[in-house]
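Below are some notes on the ligand site and the pockets of this model. Please read them with the structure open.

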Amino acid sequence: MDQVATTPKDLAGAVLSIDLGAVQKNWRTLNAHAGAAECGAAVKGNAYGLGVEPVGRALWEAGCRSFFVARPKEGEELRGQLPEAVIYVLDGLFPGQAEFYAQNNLLPALISTEEAREWAAFGRVYGRKLPCAIHVDTGINRLGFPIREYTALLAETATMEGLNVSLLMSHLACAEEASHPLTLKQRDTFREVRGLLPGVPASLANSSGIFLGKDYAHDLVRPGIAIYGGNPTPALPNPMQAVALLEGTILQTRTVRAGETVGYGATWQATRETRIAVLGAGYKDGVPRALSSGNTDTPPQVFLEGHRCPIIGRISMDMMAIDVTALPHAVSRGETAEILGPHILIDEAAGWAGTISYELLTRLGSRYARLYSELDSGPAA
Ligand SMILES: *Cc1c(COP(=O)(O)O)cnc(C)c1O
């Protein structure tokens, strides 16, 4: 037999292809929706699991200039790729780490008076007022200054004089629901909050927030999941393109007779002769075990040769079984099935697994071959 060159794809069993052109298209779509507001990008959690370095570069090339990470360590990683980007750290200022932020030119999104004082004091020692964001909590009750603490900070002249506030931000709790009372309350509260700090750019909207209209856009929007293909408007068709394509390779096919079961726990039983294929992708690869299915009319599915095939039985660590009986012709070893991608959207698969697209993406494992496509050659924003 001829020797054929082996690629990582041939050895990994499951393949994750990341479409950087789709990342760029999605960002441009969001940028257009944001109107006059600047469009940034949330790239925390290793760009939602898809790789902060290639994704960060793709976004920069598309025209994105402001980035949001969660941790200072993530900021350092992104800084290595993007020397000129504005990088905010959403988890705030970690105790005693101001120097690390300064060295990497990271802007903490300050969440408390304690952090504000520490950043201002560091700036004095450093000899320069360093930029930062102030994150005000307008109702999610997660991170940020409570309103009263924020107004007290504004009155704390010594601290405020030590800060170079480049952004005032808050975060929506129910951005997918335009008419949720909390969404409306946060919209109004944020307007008042920003009124108290005139001249400072403001930011409220995440992906879904961008689609809530101009009252929410302010000066800078911070989309995350929509850049990665998640639907920011759950009640409507997804305007974004799929970014991640997760494929499992067929390891074996077999015929199961009526009455026989498939997989651990024998949770699925054939009601007729069934042709099955076993894919080399399992929960170690980030396929949620919750995609396991017993005998149900609405099983989770994968996409193979233009057809949707039900997932049957339990997802195991390294493999999963699918029903290929309905396919017009036989499938064979080495063929691949789409587990996530343009046909099996991340929101749909997350729904089957009882989770959300965010968790599905950020839990994708590290064992498969990761392939990054070329950048989109379209015009920069
Ligand atoms: C994660 C995050 C975002 C992005 O949210 P998406 O829903 O993914 O668009 C924006 N702002 C803050 C503060 C976040 O934590």
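1. The lining of the largest pocket is made up of 14 nonpolar, five polar and six charged residues. Here Ala, Val, Leu, Ile, Met, Phe, Trp, Tyr, Cys and Pro count as nonpolar, Asp, Glu, Lys and Arg as charged, and the others, Gly among them, as polar. The model is predicted: local features need pLDDT of at least 70, side-chain atom pairs count only at pLDDT 80 or more, and totals for chains, interfaces and linings use all residues. Residues are numbered from 1 along each chain as its sequence is written, and side-chain values use heavy atoms, with hydrogens and water left out.

2. In total, 25 residues line the largest pocket, and Lys-44, Tyr-48, Arg-142, His-171 and Tyr-358 lie nearest its centre. A pocket is an open set of points on a 1 Å grid over the protein atoms alone, where a 1.4 Å probe fits, with protein on both sides within 12 Å along at least five of seven lines; lining residues have an atom within 4 Å of a point. The volume of the largest pocket is about 530 Å³.

3. Around the ligand are 14 residues, the closest being Lys-44, Tyr-48, Ser-207, Ile-225 and Tyr-358 (a heavy atom within 4 Å). This shell holds seven nonpolar, four polar and three charged residues.

4. Which residues place polar atoms by oxygen atoms of the ligand? Lys-44 has a polar side-chain atom 2.6 Å from a ligand oxygen, and for a side-chain N or O atom of Asn-206 the distance is 3.0 Å. Ile-225 contributes a backbone N or O atom, 2.8 Å from a ligand oxygen. Of the 390 Å² that the ligand exposes when taken alone, the protein buries 94% (Shrake-Rupley method, 1.4 Å probe).

5. The second largest pocket has a volume of about 280 Å³. Its lining includes Lys-9, Asp-10 and Arg-333. Strand E11 (244-256) and helix H1 (8-12) each supply at least two lining residues, with E11 giving the largest share, three.

How values were computed:
Polar contact = N/O pair within 3.5 Å; in protein donor to acceptor, adjacent residues only side chain to side chain. Points joined across faces, edges and corners; volume = space filled by probe spheres on them. Helix = DSSP H or I, 4+ residues; strand = E, 2+ residues; numbered from the N terminus.
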